[in-house]
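I opened my notebook to look through one protein chain. These entries follow the order in which I looked things up.

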Amino acid sequence: MSAKVIDGHRHLMCLDAHQRANSLDPVRANAMGGTSQASAMVNLEKAPEWFRKMSDFDEHLADMDAAGIDVGVIWPPPPGFYYWAEPSAGAELAQIVNDNTAQVVREHPDRLVGLTSLPLQDPSSATRELKRGIRELNHKGVAIASNVNDSGLDDEGLLPFFEQAEALDVPVFIHPDVTHVTERLGKYYLVNFLGYPMHTALAACELVFGGVLDRFPNLKICLVHAGGTLPFLLGRLEHGQSVRPEAREKCLHPFPYYLKNFYVDTIAFNPEILRFVCTIMQKDHVFLGTDYPFDMADMDPVSSAKKAITHDDATLDLIIGDNLQRILNI
């Protein structure tokens with residue numbers, strides 16, 4: 001193993017933006033996802049540690065050192081996207097977040113890489129902020145949620161954003177966000193265990209079946225949590241296209257054709273499952289991830305990759321760092 005170790009899935013929290021959001025709507029600013037009361041209480045108990053690790057970068061970098069991670073790619077968790085804010089406030093919050101990310105990266109230029117957050121509730125503001133984040137703040141990609149206030153990523157209003165991301169040649173990192181939770185999904189923290197992986201696959205399907213990836217064939221879409229349920233459903237999705245005309249109305253190719261556009265992280269928690277994901281995806285389309293600092297993180301991703309990829313140092317180097325170095329142009 002000779003590659004620089006790069007973690008593509010680390011979160012930061014901008015305290016100034018959070019304070020501003022809290023003044024606008026303290027309920028939505030502090031929402032941690034729809035859960036049962038029991039899970040909400042657990043999250044409330046753990047939140048101070050999470051917030052500290054996402055804002056205190058002395059501790060953040062010490063945790064990277066402990067995990068053997070050379071470079072971390074930092075971006076907000078879904079509550080830090082603030083899509084619920086009205087457009088002008090959303091644009092303001094995104095600017096605060098992105099300026100903070102840029103400042104943290106400037107303070108640790110050899111250890112951190114930033115992604116731009118956008119006010120996607122207002123696509124025109126989002127495209128302007130994307131240009132600023134990439135061209136002025138030197139961010140290396142963009143981070144979005146799997147939906148915008150429950151509107152899918154195939155919404156035509158988002159096409160200018162995807163067009164701009166392709167033109168700037170930057171990867172789009174998608175984090176699942178479950179906006180409406182049924183009583184059954186709210187129990188046992190299934191909103192995270194099941195809801196997140198399903199919403200990742202849902203976002204990918206919207207990009208394919210909605211024709212977004214045909215319009216913008218050079219988009220690079222990075223999916224977290226090992227691609228969610230997507231790798232396990234590829235056969236079903238391709239068969240569905242062959243028998244259901246509504247699945248072929250807007251896209252031109254069978255679903256596996258679009259795997260060229262997708263990249264996935266390594267957060268699978270099981271070496272056999274990660275090995276399966278690495279056989280479904282091209283080996284240069286898998287990258288290291290932790291989901292730091294949450295309790296559903298893989299805090300030792302290098303060991304996870306080594307357990308899945310044995311006797312193949314070249315592929316291991318791609319996964320632990322070389323792929324992200326290429327995708328992010330760092």
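**Entry 1: the second largest pocket**

I started with the second largest pocket, where α9 gives the largest share of the lining, four residues. I kept in mind that this is a predicted model. The pocket holds about 260 Å³ of space. I then looked up its lining, which has 15 residues. Closest to the pocket centre are Pro197, His225, Ile267, Ala268 and Phe269. Two elements give two or more residues to this lining: α9 (190–209) and α12.

**Entry 2: a nonpolar patch**

Next I turned to the surface. Which residues form a nonpolar patch there? I found Phe232, Leu233, Ile273 and Phe276. Together they have about 320 Å² of accessible area. I checked the helices behind the patch: α11 (230–243) and α12 (271–280) each supply at least two of its residues. I picked one patch member to follow up. Isoleucine 273 sits in helix α12. Isoleucine 273 counts as partly exposed, because its relative accessibility is 34%. Patch residues need over 30% relative accessible area.

**Entry 3: cysteines**

How many disulfides does a search of the whole structure find? I got zero. I wanted a reason, so I took cysteine 205 as a test case. Its sulfur has its closest cysteine sulfur in cysteine 251, 10.0 Å away. A disulfide needs two cysteine sulfur atoms within 2.5 Å, so that gap is too far for a bond. I also noted that cysteine 205 is buried, at 13% relative accessibility. Cysteine 278 is in no disulfide either. The cysteine sulfur nearest to that of cysteine 278 belongs to cysteine 222, 15 Å away. Is cysteine 278 buried or exposed? Cysteine 278 is buried, because its relative accessible area is 12%, and buried means under 20%.

**Entry 4: salt bridges**

I searched the whole structure for salt bridges and noted twelve. One of them joins arginine 20 and glutamate 92, with the closest N and O atoms 3.2 Å apart. This pair links distant parts of the chain, 72 residues apart. Arginine 20 is in helix α1 (residues 15–24), and glutamate 92 is in helix α5 (residues 87–107). I looked up how open both ends are. Arginine 20 is partly exposed at 30%, and glutamate 92 is partly exposed at 31%.

**Entry 5: a network**

I moved on to glutamate 59, whose side chain meets that of arginine 52 in a salt bridge at 2.7 Å, N to O. Glutamate 59 is buried, with a relative accessible area of 18%. Arginine 52 is partly exposed at 37%. Then I looked at aspartate 63 and lysine 53, whose side chains also meet in a salt bridge, at 2.7 Å, N to O. Aspartate 63 is in helix α4 (residues 57–66) and lysine 53 is in helix α3 (residues 37–55), ten residues apart. Aspartate 63 is partly exposed at 24%, whereas lysine 53 is buried at 11%. I wrote the four names together: salt bridges that share partners join Arg52, Lys53, Glu59 and Asp63 into one network.

**Entry 6: one histidine**

My last stop was histidine 253. Where does histidine 253 lie? I found it in the loop between α11 and β8 (262–265). Histidine 253 is partly exposed, with a relative accessible area of 27%. Its C-alpha atom is separated by 9.2 Å from that of glutamine 241, twelve residues apart along the chain.

Key. Residues are numbered from 1 along each chain as its sequence is written. This is a predicted model: local features need pLDDT of at least 70, side-chain atom pairs count only at pLDDT 80 or more; totals for chains, interfaces and linings use all residues. Side-chain values use heavy atoms; hydrogens and water are left out. Patches are made of residues with over 30% relative accessible area and no salt bridge: like charges are joined within 9 Å, nonpolar side chains (Val, Leu, Ile, Met, Phe, Trp, Tyr) within 5 Å. Accessible areas come from the Shrake-Rupley method with a 1.4 Å probe; for residues, only the protein chains shown count as cover. Buried means under 20% relative accessible area, exposed over 50%, partly exposed in between (1.4 Å probe, protein chains only). On a 1 Å grid over the protein atoms alone, a cavity is a set of points where a 1.4 Å probe fits but cannot get out, and a pocket is an open set with protein on both sides within 12 Å along at least five of seven lines; lining residues have an atom within 4 Å of a point. Grid points are joined across faces, edges and corners, and a volume is the space filled by probe spheres set on the points.
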